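The following note sets out comments on the model shown below.

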Amino acid sequence: MEDRTDGRNANQLRPLGCSRTILNRAHGSARWSQGNTIVLAAVYGPKAGTKKGENPEKASFEVIWKPKTGQIGKQEREYEMILKRTLQSICLVNVHPNTTTSVIVQVVGDDGSLLPCAINASCAALVDAGIPMKHLAVSISCGLMEEGSIILDLTKSEEEKLKAFAYLVFPNSPLSVIDKVHSSKEEPIEHGIITSVSYGAMPVSGYFDCLERGRAASAAISEFLRRSLQKQSSEDASRAAQ
Amino acid sequence: MDVDTGNMTQTNLVDKVVVPGDVVLDLTKMENQTIKLGSGLHQDCDYISVMQAGKLRLSKPNKYWVESSQKRYVPRLEDTVLGIVVEHRSDNFLVDIKAPNLAFLPVLAFEGGTRRNIPKFETGTLIYARVVKANGIMNPELSCTDASGKAAEFGQLKNGYMFETSTGLARMLLSSPTCPVLEALGKKISFETAVGLNGRVWVNASSPDDVILVSNAIMRSEFLSGTQQRIMAEKLLERLQKS
């Protein structure tokens, strides 16, 4: 197995960074970085009214993707559509019917795994804005090498070299007071999958390997997200409570 | 005794920070009990799970809610809020209260309000009102009277200065015993303030210097502890006395 250019091993993720409430005017905002890929997400809403063609009995989402340079083209529209559907499936849409929530994603740095980074940033921004959600979404990129091994958290050069890779979004692992024995009949929630975007041709077994590895790694990102949410809110709450 | 130990295992997340998706109560284990759910929690078949990130709180015996602080406001019954009039329709004023929908304030919802003495509120008027109808679907409704029909300080707020804060800071300012920063400022300056649970605060004092000082002190006090708030307020007051 060849070494990756930045010296990581196959299962190692780049250093993660998350900071919330960074924009003054946005109702919720977050900045998520994975190595040199940095994305800034801002959430405005819920605002009254839905667009034409949207179901007024549910809350609707609107995503605007702003690339770092260049004009907005088909790639950005595709990212907007994927992000909108992902966010719609993790948020509770019946709490505020007939409203629109806007999510604006600004790419600050792009070094591979851009869509997963944007999904993580948007999820953190939605939590910051207090939008009701069923659970959090955690996203990761997995690449399939020629000999069948999987590498995680791809950089831009790796994405260009590889024949096939996938972006996967999983639900986070929740803290629960339910006994594990009691709910062993059903699959735990972390075994679900929210979104999968694959590029290139890969065999079915390779895809399932990607899913497995991605799922295992998503536990680490889920833990990081939980810790960063806890740290910020416990600092604020303990100061305010005294 | 059995009920007590049952409750302890079920609510071990109380006073901990929870994120959306965490399951905090298992209703199949709690039979014949009434639970009251506040903001941030919702029922998902047999489980109560978290919708918003924050600290889970329990008020004995059976009220659960998630304490979180946002820039926007979710209307709740009997909250007092500060609204800004946006439009005047024939039978109600449309008022912005930082909620997903505009609120309606009926033109007759004032003490002694009749069709002949409808108040003339222009666009931009600041109103202190009480929420009387709030469900997720309809526009919330406000009233400028208390439950018995008296005015009770509700109505237009004239002069002074209004600024926006988070809902968490508004709750802290309204907590009892009196918030330390307001107490420290109140010892040296005389001012009046109206706090809306929707994250708006109005301050009025005899001179503009006092208004600015009180507003700045309140805005800075969000993440400070009680003693830190008093020290910060005293430093600001010293600066004013010197000039």
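1. Helix H1 of chain A, residues 74-90, contains both A:Arg77 and A:Glu80, which are three residues apart, or about one turn of the helix. These two side chains form a salt bridge whose closest N and O atoms are 3.2 Å apart. Side chains of opposite charge can pair when their charged atoms come close. The coordinates come from a predicted model, so the distances in this note are computed from that prediction.

2. Across the interface of chain B and chain A, the rule finds one. That bridge joins A:Arg226 to B:Asp22, with 2.9 Å between the closest N and O atoms. The criterion applied is a side-chain nitrogen of Lys or Arg within 4 Å of a carboxyl oxygen of Asp or Glu, and the distance of 2.9 Å therefore meets it.

3. Polar contacts between chain B and chain A number 10 residue pairs, counted where both residues have pLDDT 80 or more. In chain B, three elements each supply at least two residues of the side that touches chain A: helix H1 (2-10), strand E2 (23-26) and strand E5 (47-50). The largest share comes from E2(B), which gives four residues. Sorted by class, this side of chain B has 17 nonpolar, 12 polar and seven charged residues.

4. As to the extent of the interface, the contact draws 36 residues from chain B and 41 residues from chain A. Between them the two chains bury about 3100 Å², with 60% of that area on carbon and sulfur atoms. Which residues of chain B lose the most area to chain A? They are B:Val17, B:Lys71 and B:Pro100, which together account for 19% of what the chain B side buries.

5. One cavity of 30 Å³ or more is present in the structure, and the volume of the largest cavity is about 50 Å³. Its lining consists of A:Pro46, A:Ala59, A:Phe61, A:Leu92, A:His96, A:Thr99, A:Thr101, A:Ile131 and A:Pro132. By class, six of the lining residues are nonpolar and three are polar, while none is charged.

Definitions and conventions: Residues are numbered from 1 along each chain as its sequence is written. Chains are lettered from A and ligands numbered from 1 in the order in which they are written. This is a predicted model: local features need pLDDT of at least 70, side-chain atom pairs count only at pLDDT 80 or more; totals for chains, interfaces and linings use all residues. Side-chain values use heavy atoms; hydrogens and water are left out. Contact means heavy atoms within 4.5 Å. Buried area is the accessible area (1.4 Å probe) that two parts lose on being put together, summed over both. A polar contact is a pair of N or O atoms within 3.5 Å; within protein, one must be able to donate a hydrogen and the other to accept it, and residues adjacent in sequence count only if both atoms are side-chain atoms. Ala, Val, Leu, Ile, Met, Phe, Trp, Tyr, Cys and Pro count as nonpolar, Asp, Glu, Lys and Arg as charged, and the others, Gly among them, as polar. On a 1 Å grid over the protein atoms alone, a cavity is a set of points where a 1.4 Å probe fits but cannot get out, and a pocket is an open set with protein on both sides within 12 Å along at least five of seven lines; lining residues have an atom within 4 Å of a point. Grid points are joined across faces, edges and corners, and a volume is the space filled by probe spheres set on the points.
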